[in-house]
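Good morning, and thank you for coming. I would ask you to keep the structure in view while I speak.

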Amino acid sequence: MPEISIRKRPRTEAVVTQRKFFKKTARGKVVKVLRERYLRDDVACGMHSCTLCASSQDAVLPSSGSLDHPSFPSGHFVLPDTNIFLSQMDLMESPKFNPPTIILQTVMEEVRHRSLPLYNRLKALVKADDKNIWVFYNEYRSETAVIREEGESPNDRNDRGIRKATSWYNSHLSLARPPVRGQSRPPLPVVVLMSDDVANRQKAEKEGLSCVSVRKYVEGRKDSNGLLDLLAAAGSDNLDPTPAAAARQALYPDYLPTTTLLAGVKSGRLHQGHFNANQYNYLEGSVPVPGFEKPVLLVGREHMNRAVQGDVVAVEVFDEKDWKAPADEVVDQEATLKNDDADDSEEETDDDEALAEQKMLRAEAVKRAESSKQPTGRVVGIIKRNWRSYVCHIDSTSLTSTNPTSLSQQTVFATPVSRLLPRIRLRTRQAPALVGQKILVTIDRWERTSRYPEGHFVRALGKVQSKEAEQESLLLEFDVPYRPFGKAILDCLPVEGDNWVVPPKNPVDPNWKDREDLRDLIICSIDPPGCQDIDDALHARRLPNGNIEAGVHIADVSHFVHPDTPMDSEAAARGTTVYLVDKRIDMLPALLGTNLCSLRPHVERLAFSVIWELSPDAKIVDVRFTKSVIASKSAFTYEEAQIRKDDPGLSDELTESIRLLNDLARKLREQRMAAGALNLASPEVKIQLDSPESSDPVDVEQKELRETNSLVEEFMLLANISVARKIQETFPQTAVLRRHLPPPRTNFEKLQDILRRRKGMTLDVSSSGALAASLDKCVDPNEPAFNTLVRIMATRCMLSAEYFCSGSVARDTFGHYGLASPIYTHFTSPIRRYADVLAHRQLAAAIGYAPLHASLHSKSHVERVLEVVNKRHRMAQMASRASVEFYVGLALKARSSKATVIEDAYVIRAFRNGLGVFVSRLGIEGLVTFKHEIQFDADNYTITVPAGGQEITISVFDKVKVEVEVEQDKNTQRGRVVMALSQPIDSRSL
Amino acid sequence: MSSRIEILNDGGYRSDGRKQYELRDITIDLTQQGTADGSAQLTHGLTQVLVTVFGPREAKMRSQTLHDRAVLNVEMSVAPFSTGERRKRSRADRRILEMAAMIASTFEPVVQTNLYPRSQIDIYVHVLQQDGSLLPACINATTLALVTAGVPLLDFVCAVTGGVHSTSPLLDLTTLEENDVPHMTVAVMPRTRKVTLVTMETRLHVERFRELFELACEAGQTIHREMKYAVKDRTVALVNAMDAGSKGGAADDHDRDVVMDDRI
């Protein structure tokens, strides 16, 4: 049992032992705080064999100090001031720098108040084995405790405390060695106050203490050369007294009132648009506005003025002479602001910001071509916030206490998974428990006085890297509704459930009314392997007149999903089925999607059929649309269909019909290409899963495309185009169509310039046909993959396709640029896309099968629904891409644990301090950064890296080899792909 | 600010300069307060409570009278200026009522109530200042007030709080510490080594409980010593005052002291 004692505190000395102060709470109340402290005489000095301090067995300081500094021949100890740790931490951490050091409690606490990350480094430093560091708790020792005097700033009080402790140490040293009679007193070691604060040094000298600046101390050492490099630029000689006292100055300008904003936007003085953050540079954002061809560039935190990705903002555009080119540098928030403190914005110094600003200025100094200039501006107000919940990680360095039992409230940083968002400041009582978890955080507000937005914790999703947490965070991050279907929705399903079948043929049965009986046709479906929601099937047969009848049969979803039912509104809200690598989030309940609507083989199913009569050279002679009943004869995978088609031994009806379809598809494709359709490429990879249960990724491979893929594609396009024509004719105001706007020519400028300079190739972007032709010519005989790369990059320059209501836009903008079709819609996948369900309803009305529901006559309703569907569609694409990326990461991790992964990559962008590369085999993009200075030629898109004497130039489109690794961020536990160049040069040393 | 203070730093010091097993300063004043039969003012660190005891006297409320023993009636009031944030608390505040009930139930087995049937003992607890360990301070002061009132007790009741920071136990917590670490309050009867109260409002790991509980019991002994001296000093002073009227007898004092020491 340890000894339990009562500490006595003389009440008469309350001035020294009691401290009274006022503080303001988070809610703005002023609270009086009274604290006491117990002064003691048993705080050890830490010197070996000290005769005065009782417990010195664990003392680390040599009794004679360090003798190897020429300025202090009798030995010395270093006692650093707070500013040493705030600005010279690198030096203190250096293994070469280890004089016996005394760190005062006052200094520790001051560092803790200024910057937690630095404090954590300091704590690690104190514990390090190779250092002679003793922490002296001077505030608890009766001789060295100081109290703040009237009118004294906290900083001055601390400085005085440090001086007092220094002088106490010196007298303690002499007391510990009483002179022995008859012997001359040996020279005593000194305790040297090391400070960069001139005022503090002056006062110390006045008091007769020895003191020294860091630079002078290091210069005086014998081995100064290596250490001088570590000295941070001697900033201001005196530390900014108290940033806290400097009050909360506003970091951002105020927003204009809403009325002024709206009036300004109306008059054209201000511009309205969505704010897009730059994922490579957190100090830059842009706002595409209708008034300018190029998006308005916002440079610096102040001009972005608290806008968050996705907000609708009003911007003021600067004079043309201030227009700038976007910075060509990668600026990482975490790297730049790693020492920033979460607790109080008032304690944010300007150092790091100044640093980042400096970099920006340097980038600006480089004269860029006039053409690359962009309008710049600043945000003057927010029209609509689009804040949602963000998936974040807790930044572990921002924690005050990592003690898992701690229940105290802490202010910490939450780093969003998306690089487009700023860090969020969070107050929580469970911070230690949340480290290493994915959590959901909502932004509450962003004050002018605070550098970061403030938010609150919503809930924890689970351990980082666990599949469940990652999956859920992905769905949340992309706003995918993934709750199970409610009872009201499930009640809309047929009561028979799984046992529902097409009733026997009977003309009065409502199921058979106006339906054609196509059960005898040789119909089959071709889908990817493992497909459960089969929404299309095909057939083809020769007609007696020499023409060919081809049919596309689409699952008749609108037979089951009626307008104005809970199921319909849920499907409209979900918009689309989302495919993740290991999970599918259905738009419709599984009973419909994978059973009743799915055109499975050997069962009778309701369908909506498009049947053409085509001439042998694939010209449409006639088309008709009908509701039908079909019975698919077989469900093939692409591969099976391909093998069947290529097998000369087979000549049954089914095989013949596939051959016929294939024949027609080839001709259709030729026609389409001749009309100027683009053959685009997107990096698609497939994740090989170990088994459906374990879902551990085994490997990543690129998707293989077969002839049969294009067979299905061609007929679906044909069906969509035919349906689009029909519904547009019948409902010119409200038809649900899809379009792909031609990209603005400026989008291609950069790619054209790169191609011209690097490869001497030109890209004709005057029309989709011309683009297709010039893309075909972009071939590098030595690099077969080069063409694909150019296609991928060209695809990125284009706009994305969208659904629209035919009455809401001009007739001449209906066209689909990529497909080179004047009109287009989506009709063929009603199980997984809501727009197709609407098209089904419109087509059914157009052929007089059923009256059109009133809502589909209303332009505003259709517009509203399509807006949601467009958004969901975009999000679903991003979600599945992110899911693939996550699995690529897992696969990489599995692979790199065995051996280093080295892959071929192409350079796609060059930055001032790095390269953007694309690894086609993994379908991922990455960044290679260089720590040291490299030469960057912005006009020629090249960088030059010094490599052991000679210089190596790398330019865009060059093929390089990169080493790919998955690294876990120490702070946030976020796994991220890190790339390093391995050929032509190893970049890790640079 | 508060989140910036380390509960227990690497040097083994707590935020007020104490070490893990060190209790705060205890000052006890047993001077008579007005018409009260017994009173005690206890200052424990920055927590200060004044307890006055009236009785045993005839029970006022017939309905609550017990025919075979006395009723303990504890009333507690918290001064609005006792905390940093000035706030008026009504007497019906649930927290205060609960604490009063806890004090009453702590003393029920200690006070020999069966000696005073159909009567009541009123205990008034006034909280003047609070900085953690409020309940132990109230309990300790109540013991002393009952002692000065001459109410027969089976034993002293000595209470103390204990908490666990990470794996290190701490004794006698301040408000700052109570807000941060899981803690419990233990009241022991030092001579019989019986425990009359254990209460926790936070969750504590079961493996830490035993260690902390034993430590708190031990700390009760230390507090007992302090309380004992206070009672002795007060009695000596009173006896001296009595003797001062007739004759002074220092040796006599000493004998009494020995006798008393045995009893308390």
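Let me begin with one residue pair: A:A277 stands opposite A:G285 in strand β11 of chain A. Strands here are DSSP runs of E with at least two residues, helices are DSSP runs of H or I with at least four, and both are numbered from the N terminus. The model is a predicted one, in which local features need pLDDT of at least 70 and side-chain atom pairs count only at pLDDT 80 or more, while totals for chains, interfaces and linings use all residues. Residues are numbered from 1 along each chain as its sequence is written, and chains are lettered from A and ligands numbered from 1 in the order in which they are written.

The pair I named belongs to β10(A) and β11(A), residues 284–287, which are joined by two bridges in the antiparallel sense. Two strands are said to pair if DSSP finds at least two bridges between them.

Elsewhere in chain A, strand β5 (residues 101–104) runs parallel to strand β6 (residues 133–136), and four bridges join them. Within this pairing, A:L104 stands opposite A:F136. In a regular strand the side chains alternate between the two faces of the sheet. Are the two faces of β5(A) covered or open? Both are covered: A:T101 and A:I103 on one side, and A:I102 and A:L104 on the other, are all buried. Buried means that 20 or more other C-beta atoms lie within 10 Å of the residue's own; 12 or fewer means exposed, anything in between is partly exposed, and C-beta atoms are placed from the backbone.

I turn now to the helices of chain A. In helix α15 (residues 467–477), the buried residues include A:E470, A:L474 and A:L475. The buried residues of α15(A) pack against β15 (389–394), β18 (437–445), β19 (454–463), β25 (584–585) and α26 (859–896) of chain A. Contact means that two C-beta atoms, placed from the backbone, lie within 7 Å.

The axes of α15(A) and α26(A) come within 10 Å and cross at roughly 155 degrees. That makes the two helices, α15(A) and α26(A), roughly antiparallel. Axes are lines fitted to C-alpha atoms, for helices over the stretch in contact, and angles run from 0 to 180 degrees between N-to-C directions. Angles under 35 degrees count as roughly parallel, over 145 as roughly antiparallel, 65 to 115 as roughly perpendicular, and the rest as oblique. Which residues meet in α15(A) and α26(A)? A:E470, A:L474 and A:L475 of α15(A) meet A:A879, A:A882, A:S883 and A:F886 of α26(A). By class, this contact has five nonpolar, one polar and one charged residues. Here Ala, Val, Leu, Ile, Met, Phe, Trp, Tyr, Cys and Pro count as nonpolar, Asp, Glu, Lys and Arg as charged, and the others, Gly among them, as polar. After α15(A) comes A:D479, whose phi is positive, near 60 degrees.

Next, chain B. Its secondary structure comes to five helices and 10 strands, and buried residues make up 45% of its 264 residues. An open sheet of five strands has the order β2-β3-β4-β6-β5 in chain B, with mixed pairing. At its edges are β2 and β5 (71–78), each pairing on one side only. From one strand to the next, the twist averages 15 degrees. Four bridges hold β2(B) and strand β3 (residues 38–44) of chain B in antiparallel pairing, and B:I28 has B:L42 as its bridge partner in β3(B). Helix α2 (residues 134–149) of chain B packs on the sheet, touching β2, β3, β4 (47–58) and β6, and its direction makes about 150 degrees with that of β3(B).

Finally, where do the chains meet? The contact takes 34 residues from chain B and 38 residues from chain A. On the side of chain B that touches chain A, α4(B) gives the most, with four residues. The residues of that side divide into 11 nonpolar, 11 polar and 12 charged. Two bridges also join strand β1 (residues 5–6) of chain A to β1(B), and these strands run parallel. There, A:S5 stands opposite B:E22.
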